Amino acid sequence: MHPPILLATTLRILRQLRHDRRTVALLVVVPGVLLTLLYFMFSGQPTPPGRPSTFDRIALIMLGVFPFIIMFLVTSIAMLRERTSGTLERLLTTPLGRLDLLFGYGIAFGLAAAGQAAISAAVAYLLFDLDTAGSSGLVIMIAVLDAVLGVALGLFCSAFARTEFQAVQFMPVVVIPQLLLCGLFVARDEMAGWLQAVSDVLPLSYAVEALQEVGAHPEPTGTMWRDVAVVGGAVVLALVLAAATLRRRSG
Amino acid sequence: MENAIDVRDLVVARGRRRVLHGVTCAVRRGTVTGLLGPSGSGKTTLMRAVVGVQTVTSGTVTVLGRPAGSAPLRRRLGYLTQAPSVYADLTVRENARYFAALQGQGSAEADRVVAEVGLAAAAGQLVGTLSGGQRSRASLACALIGRPELVILDEPTVGQDPVLRAELWARFHELAGAGTTLLVSSHVMDEAARCDRLLFIRDGRLIADDTPDGVRATTGVTDLEEAFLRLIRAAGSGDRGAPRDGTGPGVGGPRPDGTVA
């Protein structure tokens, strides 16, 4: 890796994003709108005694899930464009290293996700009185980590798509199983054993558990830190796999 | 004179199809060498092998004394891909500054190359809003950053108006005069006469490696287009069953617009 090249690449990706005002608007507005929808969906639901309200439970998880899904989609299309427009081929004839490009995407979209997560969290906490035992800062940190996981998986999956049609099809393949099995719909310890086993190898399960830990405990717990480490490991693994798909030479 | 590029017995297969069948050629330093041939003849594949992004089956490609694709070469060559490979959602200047940063160059160098391709007035414009010709010049600017010793240009003059095309060729010769080596592909035959040397490629085989005058002398005709037709026919007599009736793919029949199909 070359820090000046990594910095130039990160800034270049952020500049591209800045020129695309509509995408920026969508990144900023959509999570808040969806949280509003959730709030009114659950506003009439009774809260079980001694447990968080349904909105609190689901909104907290969604603060991590939205950035994951959105950044997965944005990244897989952005990287596919690099591959199909010829810019990737040109980049590979320059001193740029593969990791400069991958980390550039990770950092640039991670920063965008940090902004997005801060706005979504502000909406959830200030407008809809989201109640978590732990701090909102930890929630935002985990949300950004989830976004970076989405970026890393998007970088990897874009290698298997030749067109944008194919790239968006990876969303249901990669994202929806993780969403179904992460403990949002059915608690993970209530699932059949084999489903639990599948859930145990999906990184989003740990991201959701980390958020639930923040929701239930005033101080960061060991489980939360372990979950954060697992998600971080999954990010590194996905980036290594993505680097393996970026060959300087191709057929 | 020392060669900037040495290609020996280069065989390349893309998928199951063999694209280059043992090409051997050389490009001398400080020249403008034209790589000419019909669309689909293997020009882009040969250029990709020279810049080191093409998987090769066998043979060797030596660039500036090193194996093609080796890391130190990445600071010494500029590559223009056939499709303009610049970011449509950045301005011309932002593109140039990014590619300059990759070569360790500052914004002054970026501004210089933008001016050099005649886009100074459009520097603040998004590439996506440019005309096709302007877009390909924006891409060309990025290939000239840092005054590379070797510049590989895949069809740089497509879509340019005749005045600009003449200016670009004059610029290529200025660069060569200053010691830069340029390998320029084209399927437009009237550009062949503008080159110091010609490599003519057809169906993945090299059928001429000579100066324009040398080609004229060999074939006995002054028109290079006609000369190449003769070379094709001469090579075709020993061909392995390629279609020769003028209807098959890649047959170099002349068109009224001066291109070869």
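**Notebook: chains A and B of a predicted model**

I began just after helix 3 of chain B, where B:Gly118 takes a positive phi of about 75°; helices here are DSSP runs of H or I with at least four residues, strands are runs of E with at least two, and both are numbered from the N terminus. This is a predicted model, in which local features need pLDDT of at least 70 and side-chain atom pairs count only at pLDDT 80 or more, while totals for chains, interfaces and linings use all residues. Residues are numbered from 1 along each chain as its sequence is written, and chains are lettered from A and ligands numbered from 1 in the order in which they are written.

I then looked at helix 3 itself, residues 107-116 of chain B, and found B:Glu109, B:Ala110, B:Val113 and B:Val114 buried (20 or more other C-beta atoms within 10 Å of the residue's own, with C-beta atoms placed from the backbone). Seen down the axis of helix 3 of chain B, these buried residues fall within an arc of 140°, so they line one face of the helix; the arc is that of the directions from the helix axis to the C-beta atoms. I noted as background that an α-helix has 3.6 residues a turn, so residues three or four places apart point the same way. The buried residues of helix 3 pack against helix 2 (92-102) and helix 4 (132-143) of chain B.

For chain B as a whole, I counted 7 helices and 10 strands, and buried residues make up 46% of its 261 residues. The C-alpha trace of chain B spans about 55 × 40 × 35 Å along its principal axes. Of the contacts in chain B with a separation of 6 or more, 66% are between residues 24 or more positions apart (a contact needs C-beta atoms, placed from the backbone, within 7 Å).

Next I turned to where the chains meet, and the contact takes 22 residues from chain A and 24 residues from chain B. On the side of chain A that touches chain B, helix 1 (3-19) and helix 4 (87-91) are the elements that give two or more residues, and helix 1 of chain A provides the largest share, 7 residues.

Last, I checked the record for chain A, where an unreviewed UniProt entry annotates residues 22-249 as "domain: ABC transmembrane type-2"; its positions are given in the numbering used here, feature names are shortened, and annotations may be inferred rather than shown by experiment. Residues 22-249 of chain A are 76% helix and 0% strand, with end C-alpha atoms 35 Å apart.

Conventions
Two residues are in contact if their C-beta atoms, placed from the backbone, lie within 7 Å. A residue is buried if 20 or more other C-beta atoms lie within 10 Å of its own, exposed if 12 or fewer, and partly exposed in between; C-beta atoms are placed from the backbone.
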